[in-house]
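Hello,

Here is the structure we spoke about handing over. My notes follow it; please read them with the model open.

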Amino acid sequence: MEKQSIRDAYKRYWLENGQAPVSVFALCKILDVPEAEFYQFYSNFEALEADVWLDYFQRTLDQLKGDETYQQYSSREKLLAFYFLWVQRLKDDRSYILQQYRRSQLPLSQLGQLSDFKKAFYEYASGLVKEGYLTAEIKERKYISDQYVHGFWVQALFVLKYWIGDRSEQFELTDAAIEKAVNLSFELIHSNTIDSLIDFGKFMFTRK
């Protein structure tokens, strides 16, 4: 048995029953495997749910890294390509994702299922930022450069939330939102706009 088999069975159970299995034993009975085999991969259902989201991310990134054209992209183009392919992959499990979103009363930023995905995305975004420094696509700034990756994570949550609520044909509005959000973020971190805002903030603070 592999992780993918467990993930697929868990998601299928949710789709068919609208809730999680009552126990690990119940899920393993469906898989026709000993309960001990589940624990070779996951400690509980929460760990499994987090791995589902990490798998969406990892499979997206693996496909991109296998594309020679992607390797030639700028940081902005790489992030655009990631978001476009990521939401395409999410479509395969849209019903499950909607169930998980509606199940929680918390905003996406506090959804525990996203914890492992968040760590992996931060690492990915950090790499894009470093590449941007080298090509002068991203301007390095004292004190706030380390916050760029946090901004990209907020952006990823925005893309996810927008896609969840998108009712347009072929989710075309999500594609437009991705392009506008990424372009705006890179304009801000490349241009002098942020510097001007910081200077204005300092001025206003010292005037108090």
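**Salt bridges**

Asp55 forms a salt bridge with Arg7, and their closest N and O atoms are 3.3 Å apart. Asp55 belongs to helix 4 and Arg7 to helix 1 (residues 3-17), so this pair ties together parts that are 48 residues apart in sequence. A salt bridge here is a side-chain nitrogen of Lys or Arg within 4 Å of a carboxyl oxygen of Asp or Glu. Helices are DSSP runs of H or I with at least four residues, numbered from the N terminus.

Before going further, note that this is a predicted model, in which local features need pLDDT of at least 70 and side-chain atom pairs count only at pLDDT 80 or more, while totals for chains, interfaces and linings use all residues. Residues are numbered from 1 along each chain as its sequence is written, and side-chain values use heavy atoms, with hydrogens and water left out.

Are the two partners buried or exposed? Asp55 counts as buried, at 12% relative accessibility, and Arg7 counts as buried at 7%. The cut-offs are under 20% relative accessible area for buried and over 50% for exposed, with partly exposed in between (1.4 Å probe, protein chains only).

Asp55 also meets Arg59 in a salt bridge, at 2.8 Å from N to O. These two residues are four apart in helix 4, and are therefore separated by about one helical turn. An α-helix has 3.6 residues a turn, so residues three or four places apart point the same way. Arg59 counts as partly exposed, with 31% relative accessibility. Asp55, Arg7 and Arg59 are members of a network of salt bridges that also links Lys3 and Asp51.

Another salt bridge joins the side chains of Asp93 and Lys11 (2.6 Å, N to O). Asp93 is in the loop between helix 6 (75-91) and helix 7, while Lys11 is in helix 1, so the pair links distant parts of the chain, 82 residues apart. Asp93 is buried at a relative accessible area of 16%, and Lys11 counts as buried at 7% relative accessibility. A search of the whole structure finds eight salt bridges.

**Helix 4 against helix 7**

Helix 4 (residues 45-65) and helix 7 (residues 94-103) pack at an angle of about 130°, and their axes are 13 Å apart. The axes are lines fitted to C-alpha atoms over the stretch in contact, and angles run from 0 to 180 degrees between N-to-C directions. The two helices are therefore oblique to each other; angles under 35 degrees count as roughly parallel, over 145 as roughly antiparallel, 65 to 115 as roughly perpendicular and the rest as oblique.

Which residues make the contact? On helix 4 they are Glu49, Val52, Trp53 and Tyr56, and on helix 7 they are Tyr96, Ile97, Gln100 and Arg103. Contact means heavy atoms within 4.5 Å.

Glu49, in helix 4, is buried, with a relative accessible area of 5%. Leaving aside residues up to four places away in sequence, Glu49 touches Tyr10, Trp14, Tyr96, Gln100, Arg103 and Gln113.

In helix 7, the buried residues include Tyr96, Ile97 and Gln100. The buried residues of helix 7 pack against helix 1, helix 4, helix 6 and helix 9 (148-165).

Regards
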